[in-house]
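Please look over the sequence and the structure shown here before reading on.

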Amino acid sequence: MAESSTAAAAARVPQALCASAALEEKGRAVLFDVLHYREPARAFALRFEGRVVAYLNRCAHVPTELDWQPGEFLDSGREFILCSIHGAAYEPRSGRCLAGPCGNGRLTVIEVEERDGAVWWLPTRDTRPAPGPTEVTPVQP
Ligand code: FES
């Protein structure tokens, strides 16, 4: 019991992601590596209406990555997260599917914190840091 609660607490240790300034409002996302159910996966964080949100980079329709160019997730109007494969549209604040073949699905939320000018992500039992140094794809100018 104590061992599992220790493991659960360890799973919640915040992981440094990027400087707050790296995420411009409705700009390009920062991509980072995780283990999701022990399998390598990518995740992304972006700033939307002032708040940093992060999700697994995986469409609810077919488990493929969403971005049409690395870090580009938003539609031309910068209002929705769009899947580049079949055009599913997601609500950026919640990850809920709004239109397209994602049905009642939603993106997998990665909890984030922003403090002291930096952004951190919070692992869970299912989504953990990838082994080795966190690989982050920074925003391109
Ligand atoms: S794979 Fe994303 S909409 Fe089909």
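A residue is called buried if 20 or more other C-beta atoms lie within 10 Å of its own, exposed if 12 or fewer do, and partly exposed in between, with C-beta atoms placed from the backbone. Helices (H or I, at least four residues) and strands (E, at least two) are DSSP runs, numbered from the N terminus. By these terms β4 is mostly covered, since 5 of its 6 residues are buried. This is a predicted model, in which local features need pLDDT of at least 70 and side-chain atom pairs count only at pLDDT 80 or more, while totals for chains, interfaces and linings use all residues. Residues are numbered from 1 along each chain as its sequence is written.

- In soluble globular proteins, nonpolar side chains tend to be buried together.
- Leaving aside residues up to four places away in sequence, A45 is in contact (C-beta atoms, placed from the backbone, within 7 Å) with residues including L17, V30, V53, V112 and V119.

- The strands β3 and β4 run antiparallel and are joined by 6 bridges, where two strands count as paired if DSSP finds at least two bridges between them.
- Within this pairing, R47 stands opposite V52 in β4.
- The hairpin has 2 residues between its strands, and E49 takes a positive phi near 50 degrees there.

**The sheet with β1, β9 and β8**

- An open sheet of 3 strands has the order β1-β9-β8, with antiparallel pairing.
- Its edge strands are β1 and β8 (111-115), each of which pairs on one side only.
- Neighbouring strands of this sheet are turned by 30 degrees against each other on average, direction ignored, with axes being lines fitted to C-alpha atoms, for helices over the stretch in contact, and angles running from 0 to 180 degrees between N-to-C directions.
- The antiparallel strands β1 and β9 are joined by 4 bridges, and the bridge partner of A16 in β9 is W120.

**The surroundings of Y90**

- Y90 lies in strand β6 (residues 89-90), and Y90 is buried because 25 other C-beta atoms lie within 10 Å.
- Not counting residues up to four places away in sequence, Y90 touches residues including F80, I81, C97 and L107.

Note on methods
Two residues are in contact if their C-beta atoms, placed from the backbone, lie within 7 Å.
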